Amino acid sequence: MRSVERLSARQARRIALAAQGFGDQRPAGRVDLRHARKVLGHIGLLQIDSVNVLVRSHELPLFSRLGPYPRSIVTDLTERKHELFEYWAHVASFIPVELQPALRWRMERASGEAWTHVAAMEHKRPGYVDAIEAEVAERGPIAASELTDPGVKQGPWWGWGDGKSALEWLFWSGRLVSAGRGNNFERIYDLPERVLPAWVLAAPTPSLEEQQRTLLMVSARALGIGTARDVADYFRIKVPEARPRLAELVEAGSLIPTKVEGWPQTAYLHPEAQLPRWVRARALLSPFDSLIWERERTERVFGMRVRLEVYTPAPKRVHGYYVLPFLLGDALVARVDLKRDTKASALRVLAAHAEPGVDHMLVAEELAVELRAMARWLGLDRVEAADRGDLAPALRRALEGAG
């Protein structure tokens, strides 16, 4: 795909799915680290989120692409093998350690406007941030709750104390790193040299331009095809800053500008992107999955308007609290509001809604298979569907028939 001038919307959708790992067949046997690494080669990172009504969000993209897998794999890659590290990429994410040098420009900008409250705190308490870093050096790895002097609570920053704010600034600036997650998913902080591989820390720092080009190429590979906004958003690079880097990549032949039917903006195609004749995927997607996390792109590529309703008051929710779109073939055909009920050993479908024009019974039967696989993966005995949503009746019949 090195000289494509125009693509149909359907072709662009299949390219996007293949780039994200949905063109591959799921493993027939036991899933191991090799399979997880292949998925990470497709998607480039795993977004982290604290909501745990079903399962931690960063665990779901591997399930979506591989099916049931050992849930220890992400911990193996982050805390044992140190192949992934946590940092701000597409918000908080697990990222391959080899990309750490390409994120140092972000670390160098840690004194920006977002951290003015830390500067104000340092003015009031000179040396406090350095003292927090010294305590981590002496006692780490430790959590904010374990600090000797956690400080007073801040107002606008989620009720953080001074100590937590200092730790987060040190984390943002790269002076500290995450050594894992503790109780209630609390971030644990330590010195980089005690967590990151020595070869990563010893790697030279590329120029700002080269760092951003590296990240944009990872983005372009993961997306397959995308607009400037799509490609920039993957690592949250501001579009005006990304545009000159994209132009440089086009000039170097590393990206191919093209047009996509129905897309008003120029698209950038990765030269190694694949265009499969068809995609036979079946997957439940985390709302933070890299396939759909950029809502405007999701609507443009798949025609589904995805909105996170976790923070919406219950009476105003349209589809539910923690809603997972359902991918079937190359289309998003439904969405389900899911909850893990460990005490009852049940995966609860609180609501099930179909997209317009789909065959409810066909979708329900495929969805029932995927829900049962998810329940087994989570160690639950059964799937129970409530009556809410236009797909619910068909799904309940499909689950009864599969039971």
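In this predicted model, residues 24 or more positions apart account for 65% of the contacts in the protein chain with a separation of 6 or more. The overall dimensions can be read alongside this figure. For 403 residues, a compact globule would have a radius of gyration near 22 Å, and the protein chain agrees because its own value is 22 Å. The C-alpha trace spans about 65 × 55 × 40 Å along its principal axes.

Burial and surface make up the next part of the picture. Among the 403 residues of the protein chain, 55% count as buried, that is, they have under 20% relative accessible area.

Turning to secondary structure, the protein chain holds 15 helices and 15 strands. Three strands form an open sheet, arranged in the order β2-β4-β3 with antiparallel pairing. Both β2 (46–47) and β3 (84–89) stand at the edges with a single partner strand each, so one side of each is left without a neighbour in the sheet. In general, strands of a sheet pair through backbone hydrogen bonds, in either a parallel or an antiparallel manner. Here, β3 and β4 (residues 91–96) are joined in the antiparallel sense over six bridges. A handy place to look is Glu 86, whose bridge partner in β4 is Phe 94.

Notes
Residues are numbered from 1 along each chain as its sequence is written. This is a predicted model: local features need pLDDT of at least 70, side-chain atom pairs count only at pLDDT 80 or more; totals for chains, interfaces and linings use all residues. Side-chain values use heavy atoms; hydrogens and water are left out. Helices (H or I, at least four residues) and strands (E, at least two) are DSSP runs, numbered from the N terminus. The radius of gyration is taken over C-alpha atoms; the globule rule is 2.2 Å times the number of residues to the power 0.38. Buried means under 20% relative accessible area, exposed over 50%, partly exposed in between (1.4 Å probe, protein chains only). Contact means heavy atoms within 4.5 Å. Two strands pair if DSSP finds at least two bridges between them.
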